[in-house]
Amino acid sequence: MKRINEDEGGNKSDDLNANDANGTDQESPEMIGGQECPMCRQNTLTLIESERDIPYFGKVYLFSMSCSNCKYHKADVEAENSGEPCKYTFVVENEEDLKARVVKSSNATVKIGRIGSIEPGIGSNGYVTNVEGLLNRLKHQLEVIKETDDDSGSVDTARNHLKKLNRVLWGSESIKIELIDPTGNSAIIHEKAVKSKGK
Ligand SMILES: [Zn+2]
């Protein structure tokens, strides 16, 4: 199983707004510039804070900080109704399932079939996206491995996983997604998603 390091790779556009067609559930973000960066210590850090109402889940607060000098970036989400550790299991079976909303905090572990996992850690970010966005992050990482890894074994594996992932993204194959969050700030929001107590 490939462990995905979110620090690599650039797909950061959905940290603050996942492709929302209407966009009405997002309030205008509050920005505070000129803050000291924890990495390079320059006053080039911008903090962005906003909140969103997620249907069938509740209010979430989104935070991010970006440094224009050293490119340090960190984002996270916090649910207003967070509490118990949680685990969600969701089987993606068709194109419609790809639209299921996902709230993922930086403390969450996401397992995507036998293809790979997104682990918590220093480089881990929190974001609101949907299943398609989650799979596309993994796809991007696999593409990087395919292009840059010099171990032919892992390149073959990445190529096979990409094929599988593409079939899931086309809606022609199913995959099981598990989302585990000890802080209870994460969710997969869909009537088919099974919620149980996390460890
Ligand atoms: Zn910096």
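Of the 199 residues in the protein chain, 31% are buried (20 or more other C-beta atoms, placed from the backbone, lie within 10 Å of a residue's own). This is a predicted model, in which local features need pLDDT of at least 70, side-chain atom pairs count only at pLDDT 80 or more, and totals for chains, interfaces and linings use all residues. Residues are numbered from 1 along each chain as its sequence is written.

User: How far does helix α1 reach from its first C-alpha to its last?

Analyst: Helix α1 covers residues 131-148, which is 18 residues. The expected span is 1.5 Å times one less than the number of residues. That gives 26 Å for α1, and the computed reach is close to this, at 26 Å.

User: Are α1 and α2 roughly parallel or roughly antiparallel?

Analyst: The axes, lines fitted to C-alpha atoms over the stretch in contact, have angles from 0 to 180 degrees between N-to-C directions. Those of α1 and α2 (residues 152-169) come within 9 Å and cross at roughly 155°. Angles over 145 degrees count as roughly antiparallel and those under 35 as roughly parallel. Therefore α1 and α2 are roughly antiparallel.

User: Which residues of α1 meet α2?

Analyst: Two residues are in contact if their C-beta atoms, placed from the backbone, lie within 7 Å. On the α2 side, the partners include Ala158, Leu162 and Leu165. On the α1 side, the residues are Glu132, Leu135, Leu138, Lys139, Leu142, Glu143, Ile145 and Lys146.

Definitions and conventions:
Helix = DSSP H or I, 4+ residues; strand = E, 2+ residues; numbered from the N terminus. Parallel < 35°, antiparallel > 145°, perpendicular 65-115°, else oblique. Buried ≥ 20, exposed ≤ 12 C-beta atoms within 10 Å, placed from the backbone.
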